[in-house]
Amino acid sequence: MTNETLAGYANVSLYSAMAVFTIAMLCHAVYLAGLLPARDRAADRAPDRAVDRAADRSVERELVGAGGGGATAQAPSDATAARHHDEDVPARARTAAGIGSTTTWLGGMLLLLSVVLRGLSVDRWPLGNMFEFAVMGSMFTSLAYSIWSTKRDLRWLGLFITGPILLVLGMAVRVWYTEAAELLPSLQSYWLVIHVTVAVLATAVFTIGAAATGVYLVKDAFARSGRASVLDRFPDAPALERTAYGLHIVAFPLWTFTLIAGAIWARQAWASYWNWDPKEVWTFVIWVVYAAYLHSRATSGISRQTASYIALAGYACIIVNFAVVNVFFVGQHSYSGL
Amino acid sequence: MAEHTKDDTRDDTRNDGKDVTEQITQPRLGAVGWLRWMWRQLTSMRTALFLLLLLAIGALPGSIWPQRSIDSARTADWIANHPKVGPWLDRFGFFEVYASPWFAAIYLLLFISLVGCVLPRSKVHWKAMRSTPPRAPARPERLPSSATAETGADAETVLAAAREVLRGKRFRLHAHDAGSVSAEKGYLKETGNLVFHLALIFVIVGVAVGHLFGWKGDVIVPVGKTFANSLIQYDTFSPGPWVDPSSLSPFRLKVDKLDATFEENVTGRGQFGQPRDFTAHVTTVAEPGATPKQSTIKVNHPLEMDGAGVFLLGNGYAPVITVRDKDGNATFSGPVPFLAQDNNYTSVGAVKVPGAQPKQLGFSGLFLPTAVIDKEKGPTSIFPDAKKPALALTLFEGTLFPGGRPQSVYVLDTAEMTQVKTAKDQPLRIWLEPGKTFTLPGDRGTITFEGVDRFAGLSIRHDPGKYVTLVAALLALGGLIASLVIRRRRVFVRVSPAQDAGRTVVTVGGLAKGDDDGLQEVVEDVLAAVERRLGSST
């Protein structure tokens, strides 16, 4: 029942996507490198670079000292960011970002093609094992990023999206690869389409959210220390944090739905809607940790940094849930094909 | 962010447990005071957060160590293999995490905290929904978002236009003074939030109802046999504490046929031999005297009987075996379920012949659907389908049921039995293929392998609480989406005379709960709409 030619084309498409994502990642890296403050200072005012930078820094320190409050501590980086409009970005970096964005689109489309071909080759929804999950997850992540970046400037995030996608695809091809085949009886249900697709989508949005959260925390640490860095050219820290929050409040209801749909399916397949199967436990734990994130963000007296660390802990649980629980824990979700 | 809106920008209507003024005015707490203090601590947001994280950590051990409720055999193995750590972990409930007192303590505290938070908030919200939007500030331009314009219309006309615009945008309006309009919308945000939290309580209620009034039973039914839904027919039966096991609904079910197919075409890693389809064809009778009905049960497609779902959760082989005495009289005949041990259905089982004379006979060994004799592993199966079935048995004689103790149907209790040996003092090995008969030494008669049947492993479950849980969970999801998507926004419109006589300055200010990137847009929208309306009316 499997069409091996189509499955072969699906793999060709996947390898092409990986090549394209490699280019995208390099271009995004070149873009960030082009943003380095040292670079354009060198171009603008060649002499006394070190002195200049030191002076710059001391000014920032003064500002921080004078601000005397959390709200104003961001002021220097805001000012720095404001100074560098798109026109300041060196032409080479802008070109690199353009290529990066186009190739990310192309990579996402190739993954979509790979997923469709894989589905056609096995005549079923292509989400039956870890390999297919990883490929579709990467597809959702890259396409979500690309679509979103048509609405706003997300060039700063590109490297942190394409890098992890390449990593996951590499794992998918090397470690999780499973040949195209039909499904186990326990997976032959339309709930697979509903439950697992939403799970993959939620994971993709959580991934972008975790990338944004990571960037926020690093940027925030740099802004506090007052050190100049490429991060000065990113959106200011509170805006980054709000972006990350916005992503999480999209992903959290999706994850809640995953949990409910999974329970409905479990009642169909295993007689009981909740069995404390390891996968269920971890899905529940992820839900609880992200719920804690949302609560911590709404609690006065808990800093946005602490809340962000909770969100990252949630993402760590997602990684464990996928990469560890499927492979090493004994349970009813052991369908990875490994 | 503007400091003065800080209190307003947080969703935190829980008290913080650090009400400083209260502690100052009440330095010595009586018993009631302490109780109130404890209640405040418990219902504070920080405690809720701590309990949430604790719940996450507390749930983890259940995924790491085997759980008795899921797999008691594996749990017992684990404890036996870890004689030092095992008993200690057992003492602290690590093998029954989700029934352990400490896990219950975490979620009960969490739910008490939730109730203690949600009920007062519901009261506050009820009042808020019936109250009017607050007075507009004297200078709306000082709000986080604002926009100002000057028009030629008089104040009255401007405010009338503003009211129409805001009403069109579904704001709730109120004018506290002649020069302003206050508007607010997004009350559903808090409603959704409260619905979410209250629904979570009903999820737990549904779980509790299922636990108290639900039951489940497992039974192995070989093809051709009939199962009647009563306590004695079950292999295992676990009723909830408030279940009367004598009042199960009296349906009957006969397994006519069981289809099983396995992957034979794809030979890649992890795929060859994987199950592809299991279907049990059954005939059911809803109650004695009712008309029989044909149905199928598949994995993912349970059969819904009156008050219980019938699930096909397992399957395996039941070789049909006949044992005869030396005169050729059958002392045992019928299908014997063998329990699969691996993905290729290498199965173990026992044939117990209590009617054999002079001593009771017991056969113990393996059923192999596709049999090979491996040099290292001995007899084993290399494919799950019955391609080349064989039985590999050894023979014991003596007392089958010493002391009448309950025992597994798949295993011989050999405490009071001895193994039958060959002349060379080797254990007797019986290798049988379908249709073959083996003559037992010492006038013990014969054993015949008639053919291969399959059995269906059925799980039958009654859970009266499942719809409560489902509806509550869906309500929770709806409430959650509402609380995350809807914005609570206040818009104030204030008019004041411009420097030029006859002209009016309109200022629109906006205030939101929480971060709201779209607020400025809303404010500008309102102002633009007001100007448009004034332009078209003059």
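1. Two strands are said to pair if DSSP finds at least two bridges between them. Helices (H or I, at least four residues) and strands (E, at least two) are DSSP runs, numbered from the N terminus. By that rule, β4(B) and strand β22 (residues 446–462) of chain B pair in the antiparallel sense over eight bridges. K216(B) has R461(B) as its bridge partner in β22(B).

2. A word on the model and its labels. The model is predicted: local features need pLDDT of at least 70 and side-chain atom pairs count only at pLDDT 80 or more, while totals for chains, interfaces and linings use all residues. Residues are numbered from 1 along each chain as its sequence is written, and chains are lettered from A and ligands numbered from 1 in the order in which they are written.

3. Strand β4 (residues 215–222) of chain B also runs antiparallel to strand β6 (residues 236–239) of chain B, joined to it by four bridges. Here the bridge partner of K216(B) is S238(B). Seven of the eight residues of β4(B) are buried (20 or more other C-beta atoms within 10 Å of a residue's own; exposed is 12 or fewer, partly exposed in between; C-beta atoms are placed from the backbone).

4. An open sheet of five strands in chain B has the order β1-β24-β23-β3-β2, with antiparallel pairing. Its edges are β1 (145–151) and β2 (172–174) of chain B; each has a single partner strand, so one side of each is left without a neighbour in the sheet. From one strand to the next the twist averages 15°. Between β1(B) and strand β24 (residues 504–512) of chain B there are seven bridges, and A149(B) stands opposite V506(B) in β24(B).

5. Helix α9 (residues 155–168) of chain B lies across β1, β2, β3 (180–185), β23 (489–497) and β24 of chain B. The helix runs at about 165° to β23(B); axes are lines fitted to C-alpha atoms, for helices over the stretch in contact, and angles run from 0 to 180 degrees between N-to-C directions.

6. How far apart are the end C-alpha atoms of helix α4 (residues 45–59) of chain B? They are 21 Å apart, which agrees with the 21 Å that 15 residues should span at 1.5 Å a residue, because the expected span is 1.5 Å times one less than the number of residues. The buried residues of α4(B) include M45(B), L52(B) and A59(B). They pack against α10 (278–298) of chain A together with α5 (61–64) and α8 (101–130) of chain B.

7. Between the chains, 51 residues of chain B are in contact with 45 residues of chain A (C-beta atoms, placed from the backbone, within 7 Å). The largest share of the chain B side, nine residues, comes from α4(B). By class, that side has 25 nonpolar, 11 polar and 15 charged residues; Ala, Val, Leu, Ile, Met, Phe, Trp, Tyr, Cys and Pro count as nonpolar, Asp, Glu, Lys and Arg as charged, and the others, Gly among them, as polar.

8. Chain A has 11 helices and zero strands. Of its 338 residues, 49% are buried.

9. Chain B is assigned domain 1 (3–129), domain 2 (134–185 + 487–537), domain 3 (192–214 + 464–483) and domain 4 (215–462), with bounds from an automatic or database domain assignment. The C-alpha centres of domain 3 and domain 4 of chain B lie 41 Å apart. Five residues of domain 3 of chain B are in contact with six residues of domain 4 of chain B.

Conventions. Contact = placed C-beta atoms within 7 Å.
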